[in-house]
Structure formats: structure tokens, C-alpha cells
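Subject: Structure handover

Hello,

Please find the structure below, followed by notes on what was found in it. The notes begin with individual residues and end with values for the whole chain.

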Amino acid sequence: MLGHLNGDAISASSPAKPGEEIVIYWTGMYSKNYTVAIPDGAANPSSALCVSYFNPLVKIGGRTAQADSCSAAPGLVGVGRLIVTVPPDLATGAYSVSVSMDNISSNSVQLPVQHP
């Protein structure tokens, strides 16, 4: 899922803006992927950063996007989050988003972008 920092989902009716920080949520993470141990089935703490070797690579419309942070999504179970800056020079349109971490690539999702 792609979201605005305020928690609202990004959609065609609520698109991202160039230069905006957005949140990318994903599943499939394990306790060993974070800097603190998270028991199976427990809600994520707010202090669980991704281990350094993950080094997320985010592509939006084929361009590398700056990953500002990688962590467990606080209060959720088994969900991670990346905070990423949408490239500031993107034109209005829909762009493919993909993430690679630890040499594993995600499926692509579409990010609607609109200039203010």
C-alpha cells in the first residue's frame, strides 16, 4: 500500500505530489530483519529500524527515489514501512513503483502523481 504521511491512502482522487514524502507498506518481514527483536504475532514497536544490510532501493517511474527511513510499521503486526521522497521533477501521471531489499524485488504498484 502507498500512503501519505498523514495516513491517508494514495489514490487517483488523492495523488502524491512531486517532492512529497510518502509511505510504502509491505509484508513478509521477520523479527531478524529489524534492530530489535519482535515476538511473532506481536505489534511492532516504534523503535524497530531495518537492519543496515537491507539498503532499500526504490524506483518510481524508473528513477531512483530517496528512501528516507526503513522500519517496522508501529502498532501493526508483520508490516514494514519505507518513507520515500517522490522525485521532485516528475510530471503529472501514473508511475510504476518497485522496491528491492537484500536482493529481493517487489511487485510493482502504480503511484498517481499530480502537480499542486
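C50 has a relative accessible area of 9% and is therefore buried, where buried means under 20% relative accessible area, exposed over 50% and partly exposed in between, with a 1.4 Å probe and protein chains only. Its partner in a disulfide is C70, and their sulfur atoms are 2.0 Å apart; a disulfide is taken here as a pair of cysteine sulfur atoms within 2.5 Å. C50 lies in the loop between β2 and β3 and C70 in strand β4 (residues 63-72), so the pair ties together parts that are 20 residues apart in sequence. C70 is buried too, at 11% relative accessibility. The angle about the S-S bond is -70°, and the link of C50 and C70 is left-handed. The structure holds one disulfide. In general, a disulfide is a covalent bond between the sulfur atoms of two cysteines.

On provenance: this is a predicted model, in which local features need pLDDT of at least 70, side-chain atom pairs count only at pLDDT 80 or more, and totals for chains, interfaces and linings use all residues. Residues are numbered from 1 along each chain as its sequence is written, and side-chain values use heavy atoms, with hydrogens and water left out.

Secondary structure: the protein has zero helices and eight strands. Helices (H or I, at least four residues) and strands (E, at least two) are DSSP runs, numbered from the N terminus. Read along the sequence, the pattern is β-β-β-β-β-β-β-β. The radius of gyration of the protein is 14 Å, close to the 13 Å that the globule rule gives for 116 residues, so the protein is as compact as a globular protein of that length. That radius is taken over C-alpha atoms, and the globule rule is 2.2 Å times the number of residues to the power 0.38.

Two buried loop residues touch each other. N44 lies in the loop between β2 (21-27) and β3 (57-60) and counts as buried at 8% relative accessibility. Leaving out residues up to four places away in sequence, N44 touches I38, A72, A73, P74, G75, L76, G78 and V79, a contact being heavy atoms within 4.5 Å. A73 is placed in the loop between β4 and β5 (79-85), and with 2% relative accessibility A73 is buried. Apart from neighbours within four places in sequence, A73 is in contact with Y25, N44, V79, G80 and R81. Between the C-alpha atoms of A73 and T85, twelve residues apart in sequence, the distance is 17 Å.

Which residues does H115 touch, not counting those up to four places away in sequence? They are K17, P18, L90, A91 and T92. H115 sits in the segment after β8 (109-113) and is partly exposed, at 40% relative accessibility. H115 and D89 are 26 residues apart in sequence, with 9.7 Å between their C-alpha atoms.

Two exposed loop residues are also on the list. P39 is in the loop between β2 and β3, and P39 counts as exposed at 56% relative accessibility. The C-alpha atoms of P39 and L5 are separated by 27 Å, at 34 residues apart along the chain. N6 is found in the loop between β1 (2-4) and β2, and N6 is exposed at 58% relative accessibility. From N6 to V23, 17 residues apart in sequence, the C-alpha distance is 9.5 Å.

Values for the whole protein:

- Of the 116 residues, 38% count as buried.
- Among contacts with a separation of 6 or more, 54% are accounted for by residues 24 or more positions apart.
- The C-alpha atoms fill a box of roughly 40 × 25 × 20 Å, taken along the principal axes.
- The accessible surface comes to about 6,300 Å², of which 53% belongs to carbon and sulfur atoms; areas come from the Shrake-Rupley method with a 1.4 Å probe, and for residues only the protein chains shown count as cover.
- The mean positions of the 5 positive and 7 negative charges are 5 Å apart. Lys and Arg count as positive and Asp and Glu as negative, while His and the chain ends are not counted; the place of a charge is NZ of Lys, CZ of Arg, CG of Asp or CD of Glu.

Regards
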